[in-house]
Amino acid sequence: RYIFIIFVLSSQLLFGGFGNGFAISQPKFLKPSEAFKIDAKKMDNSLDIDIILAHKIHIYKNSLKFQITSPKKLVLTPKLPKAKLLDGDEIYDSNLTLSIPLQDIESKVSGKYTFKVTLQGCSDEGMCYQPIVKTFDFNSTKEATLSDRFSTLINSGNTQDIANALANENVVFILLVFFVAG
């Protein structure tokens, strides 16, 4: 009988039945939006990317991807700082600030474009997150050409975008859409 009482009391102390002071602590895992914060800002001559990592979170260098996804696909390769090694993998365990020269983007893309950042990381306690994808929309300083606008419209396939173009674009553009799209 006494053994049973001692067992019940000790299990209550170990598993938190008598308050939090003696409980075995469980690691608290953050939501992806708390673990990884990604921001991109267009500056005068560069596109600056800030990746803020929560405490005890790291990201894998080989998971970092930067690209323009629209109006056309363009892979971007900013200069990355030296990474640390963790179990044979290159990682970053502190905040990153990266810059991509705007000339690298706007010499190939004009008008509106979408910039996408992809990364994957884990907590130091061992929980790994699904890949994180964040997109940002920007306007190029270079005006989109008629063919760029047409290509973007046709590739999007979005009927609302097509309706807006028919309502707001010039006659030459509308005729081009009708002849090519049918």
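**Close-up views of a predicted model**

View 1. Asp48 stands opposite Ser99, a residue of β8. The model shown here and in the other views is a predicted one. A second pair is made by Asp50, which stands opposite Thr97 in β8. Strand β2 covers residues 46-53, and six bridges join this strand to β8. The two strands run antiparallel.

**View 2. The open sheet of three strands.** The order of the strands is β1-β2-β8, and their pairing is antiparallel. Strands β1 (36-42) and β8 (96-101) stand at the edges; each has a single partner strand, so one side of each is left without a neighbour in the sheet. From one strand to the next, the twist averages 15 degrees.

**View 3. The two faces of strand β8.** In a regular strand the side chains alternate between the two faces of the sheet. Which residues of β8 make up the covered face, and which the uncovered one? Leu96, Leu98 and Ile100 form the covered face. Thr97, Ser99 and Pro101 form the uncovered face. Two residues of the uncovered face return from View 1: Thr97 stands opposite Asp50, and Ser99 stands opposite Asp48.

**View 4. The open sheet of four strands.** This sheet has the order β6-β7-β3-β10, again with antiparallel pairing. Its edge strands are β6 (84-86) and β10 (121-123), each of which pairs on one side only. The twist here averages 45 degrees from one strand to the next. Strand β3 (residues 57-60) is joined to β10 by three bridges. Within this pairing, Ile57 has Ser123 in β10 as its bridge partner.

View 5. Phe36 lies in strand β1, while Tyr129 lies in the loop between β10 and β11 (132-139). The two residues are 93 residues apart, and the pair links distant parts of the chain. Are these residues buried or exposed? Buried means under 20% relative accessible area. Phe36 has a relative accessibility of 5%, so Phe36 counts as buried. Tyr129 is also buried, because its relative accessible area is 5%.

View 6. Tyr113 belongs to strand β9 (residues 112-119) and Phe138 to strand β11, 25 residues apart. Tyr113 counts as buried at 1% relative accessibility, and Phe138 counts as buried at 12%. Ring pairs link Tyr113, Phe115, Phe136 and Phe138 into a cluster.

View 7. Side chains of opposite charge can pair when their charged atoms come close. The whole structure has five salt bridges. In one of them, the side chain of Lys41 meets that of Asp39 at 3.2 Å, N to O. Lys41 also forms a salt bridge with Asp50, with the closest N and O atoms 3.9 Å apart. Lys41 is partly exposed at 40% relative accessibility, as are Asp39 at 31% and Asp50 at 21%. Lys84 and Asp93 form another salt bridge, their closest N and O atoms being 3.0 Å apart. Lys84 is partly exposed at 46%, and Asp93 is partly exposed at 36%. Salt bridges with shared partners join Asp39, Lys41 and Asp50 into one network.

Methods
Residues numbered from 1 in each chain as written. Predicted model: local features only at pLDDT ≥ 70, side-chain atom pairs only at ≥ 80, totals over all residues. Heavy atoms only, no water. Pairing = 2+ DSSP bridges. Axes fitted to C-alpha atoms, helices over the stretch in contact; angles between N-to-C directions. Buried < 20%, exposed > 50% of the residue type's maximum accessible area, 1.4 Å probe, protein only. Phe/Tyr/Trp six-rings, centres within 6.5 Å; stacked < 30°, edge-to-face > 60°. Salt bridge = Lys/Arg side-chain N within 4 Å of Asp/Glu carboxyl O.
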